[in-house]
Amino acid sequence: MGKILESLPLTIAAGVILTVVMIFGADAIQNSQMTAPEAPASEAMNSM
Amino acid sequence: MEAELYLIRLLHVISGIMWIGILWYFNFVQIPSMPKIPDEQKPAIGKVIAPEALFWFRWGAFFTVFTGLALAWRSGYLMDAMMLNEALIGIGMWLGLIMAFNVWFVIWPAQKIALGIVEADAALKPTMARRAMLFSRTNTMLSIPMLASMISVQNPVM
């Protein structure tokens, strides 16, 4: 990590990668929160 | 209410530009330029410019966080964001809080020793200068996702 932070270009590249990870990670968190309450309903439908 | 939110957002953006502008000045201009500056001119940076920049830097960080929390609270999404129910802005707010913590509790104390603003063992100065640089770089790295998160409030990305 220290090697990355000593280099400004690598620091910026790491920031861009973190940004992409954050956007997809936040989307996954948001989707999991939206689907969680629906899980019991879908399970109930499968058992019918 | 609209005027109040507008004013808080304006103060938040102004404070944020002050904070991140000086952070990027340190990382894009001052740190890379120091090896090129003759030794007899270095005190101008270390004794005059850096302490002044650090004053606006740390208070810019403080008011950015203060106005940011006020904006989220008055807009009604503070708790949802902090609990990551509003995940993207929530992550950005946590990144901002971590960065502000670094400014006040790591970078500023280390810089006070490195720049000789407080009395300390001379042998400690290079260690503190390196610590300040690494945490300043950490904040530069985090500033990119943090800013991406902030604009997502008005421009949803996904």
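This tour visits a nonpolar surface patch and then the salt bridges of a predicted model. Residues count from 1 along each chain as its sequence is written, and chains are lettered from A in the order in which they are written. Local features need pLDDT of at least 70, and side-chain atom pairs pLDDT 80 or more, with side-chain values using heavy atoms.

**Stop 1: the patch.** Select Met18(B), Phe55(B), Trp56(B), Trp59(B), Phe62(B), Phe63(B) and Phe66(B). They make a nonpolar surface patch of about 680 Å² (residues with over 30% relative accessible area and no salt bridge, nonpolar side chains joined within 5 Å; areas by Shrake-Rupley with a 1.4 Å probe). Now colour helix α2 of chain B, residues 42-75 (a DSSP run of H or I, at least four residues). Helix α2 gives the most to the patch, six residues. Trp59(B) sits in this helix. Trp59(B) is partly exposed at 32% (between buried, under 20%, and exposed, over 50%).

**Stop 2: across the chains.** The whole structure holds three salt bridges (Lys or Arg side-chain nitrogen within 4 Å of an Asp or Glu carboxyl oxygen). Select Glu6(A) and Arg130(B): their closest N and O atoms are 2.7 Å apart. Glu6(A) is in helix α1 of chain A and Arg130(B) in helix α5 of chain B, so the pair joins two chains.

**Stop 3: within chain B.** Pick Glu4(B) and Arg74(B), a salt bridge at 2.7 Å. Glu4(B) lies in helix α1 and Arg74(B) in helix α2, so the pair ties together parts 70 residues apart in sequence.

**Stop 4: the last pair.** Select Asp39(B) and Lys42(B), bridged at 3.2 Å, N to O. Asp39(B) is exposed at 60%; Lys42(B) is partly exposed at 26%.

How values were computed
Patch = residues over 30% accessible without salt bridge, like charges linked within 9 Å, V, L, I, M, F, W, Y side chains within 5 Å. Buried < 20%, exposed > 50% of the residue type's maximum accessible area, 1.4 Å probe, protein only.
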